[in-house]
Structures are given as structure tokens and as C-alpha cells.
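Keep the viewer open and follow along.

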Amino acid sequence: MIGDGKAKTLKQYGLCPESWLWCLHCERFFQAKDLTFDDAGNWQGCFWLRECGGSGIGVDVYAWDSWPKQNPDMWEHWPKSEVELKHGLSCPLYSGGGIIN
Ligand SMILES: [Zn+2]
């Protein structure tokens, strides 16, 4: 069960509660139903917002496959389908590691 504010946000972005998202800050996957209320007053915060500071759909929070779709090389290390995703699963932006500052 999700509240009205969250439901409105999901509808606005064409997401379902079960839609998978990925946070650019903590590089973890979570589902749209787990978005948190961010400091800007929107239901667009990463599930780990207090820890990672990630918020804003299309800013820090993206559809799970948004980045590899834009950068096909990323599919090499990215989960290939939603069935591979787990809440909290981490996937770095760059496969090599050590690149992210
Ligand atoms: Zn995050």
C-alpha cells in the first residue's frame, strides 16, 4: 500500500510500484514503491536517501536500465533483466572500479 503522494509521483513518471530504479549516488537498485520523501518535498528520494543523499527522478534516481540504454558498453557489467535485480543490489557505474571519486 502506497500513499497518495507517492502514487501521484509514480503516475507522473510512468512508474509502477514494482518498477526497478537505480540510484546514481549509492549505485543500488530498489523499487519505486520504496522511494522516500526527499528534502525538496517530493517522493523522489532514494531508499537510502539519508545515507547517500540521492534524490530526484532523472537527476539521481533512474529507471534500472536507463544508463546502459544510453551507454551500451555498460551492458557488459549491468544486470540484463529485472529478474536479476534485488533490493539493495549494487552495480557500479563503471565496471573497473576505482574510477568513481
Ligand atoms: Zn542512493
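A word on what you're looking at. This is a predicted model, where local features need pLDDT of at least 70, side-chain atom pairs count only at pLDDT 80 or more, and totals for chains, interfaces and linings use all residues. Residues are numbered from 1 along each chain as its sequence is written.

Now the overall layout. The protein chain has three helices and three strands, where helices (H or I, at least four residues) and strands (E, at least two) are DSSP runs numbered from the N terminus. Reading from the N terminus, the order is α-β-β-α-β-α. The radius of gyration of the protein chain is 13 Å, close to the 13 Å that the globule rule gives for 101 residues, so the chain is as compact as a globular protein of that length. (That radius is taken over C-alpha atoms, and the rule is 2.2 Å times the number of residues to the power 0.38.) Along its principal axes, the C-alpha trace spans about 40 × 25 × 20 Å.

Next, the sheet. Its three strands form an open sheet in the order β2-β1-β3, with antiparallel pairing; two strands pair if DSSP finds at least two bridges between them. Since β2 and β3 (61–63) stand at the edges, each with a single partner strand, one side of each is left without a neighbour in the sheet. Neighbouring strands are turned by 40° against each other on average, direction ignored, with axes being lines fitted to C-alpha atoms (for helices over the stretch in contact) and angles running from 0 to 180 degrees between N-to-C directions.

Zoom in on β1. It pairs with β2 over three bridges, and with β3 over three bridges too. On the β2 side, Trp22 stands opposite Phe29 and Trp20 opposite Gln31; on the β3 side, Cys23 faces Val61. The β1–β2 hairpin has five residues between the strands, and Glu27 there takes a positive phi near 60°.

Which way do the side chains of β1 go? Trp20 and Trp22 point one way, Leu21 and Cys23 the other, and all are buried. Buried here means 20 or more other C-beta atoms within 10 Å of the residue's own, exposed means 12 or fewer, and partly exposed lies in between, with C-beta atoms placed from the backbone. Across the chain, buried residues make up 23% of the 101.

What do these residues build? The largest nonpolar core has 15 residues, and those with the most contacts inside it are Leu21, Trp22, Phe29, Cys46, Val61 and Trp64. The elements giving two or more residues to this core are β1 (20–23) and β2 (29–31), and β1 supplies the largest share, four residues. (A nonpolar core is a set of buried Ala, Val, Leu, Ile, Met, Phe, Trp, Tyr and Cys residues joined through C-beta atoms within 7 Å.) Leaving aside neighbours within four places in sequence, Trp64 is in contact with Trp20, Leu21, Trp22, Phe29, Glu82 and Leu85.

Finally, find Cys52 in helix α2 (residues 49–52). Cys52 is partly exposed, with 17 other C-beta atoms within 10 Å. Beyond four places in sequence, Cys52 is in contact with Cys23, His25, Cys26 and Cys46.

Key: Two residues are in contact if their C-beta atoms, placed from the backbone, lie within 7 Å.
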